[in-house]
Amino acid sequence: MEIIKKYDYMTLFIVGLVICTSCINLYPIYILDEARNAEAAREMLASGNFLVPFFNGELRTDKPPLHYYFMAAGYQLFGVNALGARFFSGFFGALTLLVTYWGIKKSSEALTAGITVVILLSAIFFINEFHLAVPDPYLIFFFTLALFSGFNLYKTGKLTWFFIMYVSMGLGVLTKGPIAIVLPGITIPVFLLLKNDLNWKTIRRFKPILGLITVLLIAMPWYYLVHLETDGVWTEGFFLEHNLSRFGAEKEGHGGPFFVTPFFVILGLLPFSVFVFQSFTYAWRTRKANDLGLFSWVVAIVTILFFSISRTKLPNYPMLCYPFVGYLIAYYLQNIYHGKISSKSIAWSLYGLLFLSSVLPIAGYLALSIEKQFFEIRHLALLLLFLPLASILGVYFYRQGKQKGTFVAMAGGWLLTGFLLFGVIFPQLTKRSPVSLALEQIDTQDRIVAYKRFDSAFPINFKRTFRVFQSLEDVKGYKKDYPKTYIITNTRDKEDLKLLEEFELILQQKALFENHVTRIYLVK
């Protein structure tokens, strides 16, 4: 134990890296966002054009480039595969845990910092984000580092924290855009206002004008160059469609009422989010005695409210505040352990978790039974039985007055389930994805074209771009020059499907938990 305490940062990083990268090479890239980001990085590496992002040869305006660069580096290290695309997501996940531990330990206690990290490690949905080839893992890290640095800048006024804060924000802007400025720009003034310290003297400590210049010096060169290179098309697409439009209007069916975002936070931080309401209440009650608690409370409230107001809502959006919500829960649990709060207040939360964790295996079994391609492996849902077992143990230890046992049972059960998801369930599910089945029947070097629309997972898994035809006449014209061609499509148009019947259908498979079917035809 003394060795672990002495090398706590190194130990934490290694454990975090193992968990955040566990089994990332055991299942292919298959969901839309992951596939498009990973393919854009592959096309950058293949073309040598690291300025303008493309997907299947078409301009991609969704995101800035920083995560593409790390994925390209992953491809250089591990090859163009799932491991290469996802490795640095896991790496930044470990860094996020490290920064969270450091930030809390610096202003609180090592025990609270350690509890926070365990809470985050056992949050399956949060850890899953670091298993994906998407920009969010990078943004979560830069956001976390920027805000902990901002808090230390407020407490000490040291120039080091100013530099780290604004450099992190600049790199965040290169990762996902203006959100890396907007949220800290709201959070810090609100915190100062609640501290009754929003005055010119304190504001000058943050040097906002110089800070903004620092952010722009880091981020603007790429934005300016890509604007020139694309004649403003990338700029218009990114800022108008993927920022303003996403905030003001529901995009791609990802909407919902105001309470959806708080629900995402509770779901995303299970199992310990069952204490979230008590934790927020306790943090507010003790705000005068705990500046970090008030700061974390503000980070959480601002982030949740911001994405609740946004018309487009996704589970990954509020994950930016998870390290701070994790701290609030850890602070609450630690004070229960020290006897400052009655442990009776957690009883209903534990029973609620027992009910919820008992429902999850049943829901998983039903979900796999409904999906035709998963019916034969619906028994995999039984692996989720470790969740109610952990809850039963947690309740047992609670009734015995053994709070440590309750904590360990909850964390251990969900950590184990996470490994089973990444190492067993996901690999079995993705074996039945259209792209996995296609790879079993078609060689990556075969001649393949796309008709109108297709599953985004195909380019990265076949390591190539596809020519897309918009009419069957063009396909037939292509056939004359290149016999034995495969056509991939997931069009829903009944007339298109009727016309395609003249070709041999060799594969038909529904996407995993999505409402489209991939069909592959052989044109001879």
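**Why these labels?**

Student: Why does aspartate 496 count as buried?
Tutor: Its relative accessibility is 6%, and buried means under 20%, exposed over 50%, partly exposed in between (1.4 Å probe, protein chains only). So 6% puts aspartate 496 in the buried class. Bear in mind that this is a predicted model, where local features need pLDDT of at least 70, side-chain atom pairs count only at pLDDT 80 or more, and totals for chains, interfaces and linings use all residues. Numbering starts from 1 along each chain as its sequence is written, and side-chain values use heavy atoms, leaving out hydrogens and water.

Student: What makes aspartate 496 and lysine 452 a salt bridge?
Tutor: Their closest N and O atoms are 3.1 Å apart, and the rule asks for a side-chain nitrogen of Lys or Arg within 4 Å of a carboxyl oxygen of Asp or Glu, so the pair qualifies.

Student: And why is lysine 452 called partly exposed?
Tutor: Its relative accessible area is 33%, so lysine 452 falls in the in-between class.

Student: How do you know that α8 and α10 are roughly parallel?
Tutor: The axes, lines fitted to C-alpha atoms over the stretch in contact, with angles running from 0 to 180 degrees between N-to-C directions, cross at roughly 30° and come within 11 Å. Under 35 degrees is roughly parallel, over 145 roughly antiparallel, 65 to 115 roughly perpendicular and the rest oblique, so this pair counts as roughly parallel. Both are helices (DSSP runs of H or I, at least four residues), spanning residues 136-156 and 179-194.

Methods:
Helices (H or I, at least four residues) and strands (E, at least two) are DSSP runs, numbered from the N terminus.
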